[in-house]
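This briefing concerns the strand pairing, nonpolar cores and cavities of one model. Please consult the sequence and structure below before reading the notes.

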Amino acid sequence: MGVHKSTVRKCLFRVTKAINNIMVKNFIFMPSEDEAKFISLQFERKSSIPQLIGSIDGTHIPITAPQEGYRDFVNRKGWTSYNVMAVVDHNGRFRNVVIKHPGSVHDAAVFKDSSIYKNAQTIIPQTSENINGMAVPCMIVGDPAYPMLPWLIKGYSGSLSAEEESFNVYLNSARVSVEMAFGRLKARWRILCKKMDCTHTFSPQIILACCTLHNFVESNNERFLIEWLEKVSNSDKSFPQPIAVQNRDRDCIPAIT
């Protein structure tokens, strides 16, 4: 288009900073008590499990790592990334994101360094529902990599009974919302599917801007084409996601495969 690369770079930086300075606070936030009630009802329709207000998981985004500290960014699959953690609602909109840890950091370490873990009492709505005489708080559903907490629920593991397997099926129907959100995020913003050419210090800003724009277009019901997901599948072949599995140690730090 006859525009020099340096001009494109300046525009990219200015627009990204504007999105993050102005739009983030209006599009990425944890629900209020009233909104949490509505979200939990939508999750309950999907999973038959009450009081779920979000689904949590992590994904690795490819980046160009610096020469100094390069190994910190190399994940267990051998490529450089940021380990991004997110909480999404029933509609797959990002409610809380953590984008500051290099790829070598375990999911549980990212979680324990997050604001939602450190300040759960003020970030997560403190309403509860009386179910069979027990006060059930608002909860977030996660995979086995995360610790069991009063406000974080995960499925059974190990040798399971028929009832436990059935519970896991229902729970996973709620947890799938975060996996779908990551897929749609990367499908729309293809820059997240390849190594970014910008510096590693600015990569989190681009990732955050993409998460914000994701919420914006999803809220406005913008068209999404299923074939876009094929590009994400192709990128997963070049950058396979490290899979966190449950660790039986007391501190719940997971192993990574």
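Strands β2 and β3 form a hairpin with 5 residues between them, and Gly-92 in the turn has a positive phi of about 75°. Helices (H or I, at least four residues) and strands (E, at least two) are DSSP runs, numbered from the N terminus. The model is predicted: local features need pLDDT of at least 70 and side-chain atom pairs count only at pLDDT 80 or more, while totals for chains, interfaces and linings use all residues. Residues are numbered from 1 along each chain as its sequence is written, and side-chain values use heavy atoms, with hydrogens and water left out.

- Strand β2 (residues 81-88) is largely enclosed by the rest of the structure, because 8 of its 8 residues are buried (under 20% relative accessible area, 1.4 Å probe, protein chains only).
- In a regular strand, side chains alternate between the two faces of the sheet.
- Both faces of β2 are covered, with Ser-81, Asn-83, Met-85 and Val-87 buried on one side and Tyr-82, Val-84, Ala-86 and Val-88 buried on the other.
- Strand β1 (residues 52-62) pairs with β2 in the antiparallel sense over 8 bridges; pairing requires at least two DSSP bridges between two strands.
- Within this pairing, Asn-83 in β2 stands opposite His-60.
- Strand β3 (residues 94-102) runs antiparallel to β2 and is joined to it by 6 bridges, with Pro-102 in β3 as the bridge partner of Tyr-82.

**Nonpolar cores**

- A nonpolar core is a set of buried Ala, Val, Leu, Ile, Met, Phe, Trp, Tyr and Cys residues joined through side-chain atoms within 4.5 Å.
- The largest core has 27 residues, of which Phe-94, Val-97, Leu-185, Leu-192, Met-196, Ile-207 and Cys-211 touch the most other members.
- At least two residues of this core come from each of α1 (5-27), β2, β3, α6 (162-188) and α7 (203-219), and α7 gives the largest share, 5 residues.
- A second, separate core of 18 residues includes Ala-36, Ile-56, Val-87 and Phe-111.

**Cavities**

- The structure holds 2 cavities of 30 Å³ or more; a cavity is a set of points, on a 1 Å grid over the protein atoms alone, where a 1.4 Å probe fits but cannot get out.
- The largest cavity has a volume of about 50 Å³, a volume being the space filled by probe spheres set on the points.
- Its lining (residues with an atom within 4 Å of a point) includes His-60, Pro-62, Lys-186 and Asp-236.
- β1 and α8 (228-238) each supply at least two residues of that lining.

Note on methods
Buried means under 20% relative accessible area, exposed over 50%, partly exposed in between (1.4 Å probe, protein chains only). On a 1 Å grid over the protein atoms alone, a cavity is a set of points where a 1.4 Å probe fits but cannot get out, and a pocket is an open set with protein on both sides within 12 Å along at least five of seven lines; lining residues have an atom within 4 Å of a point.
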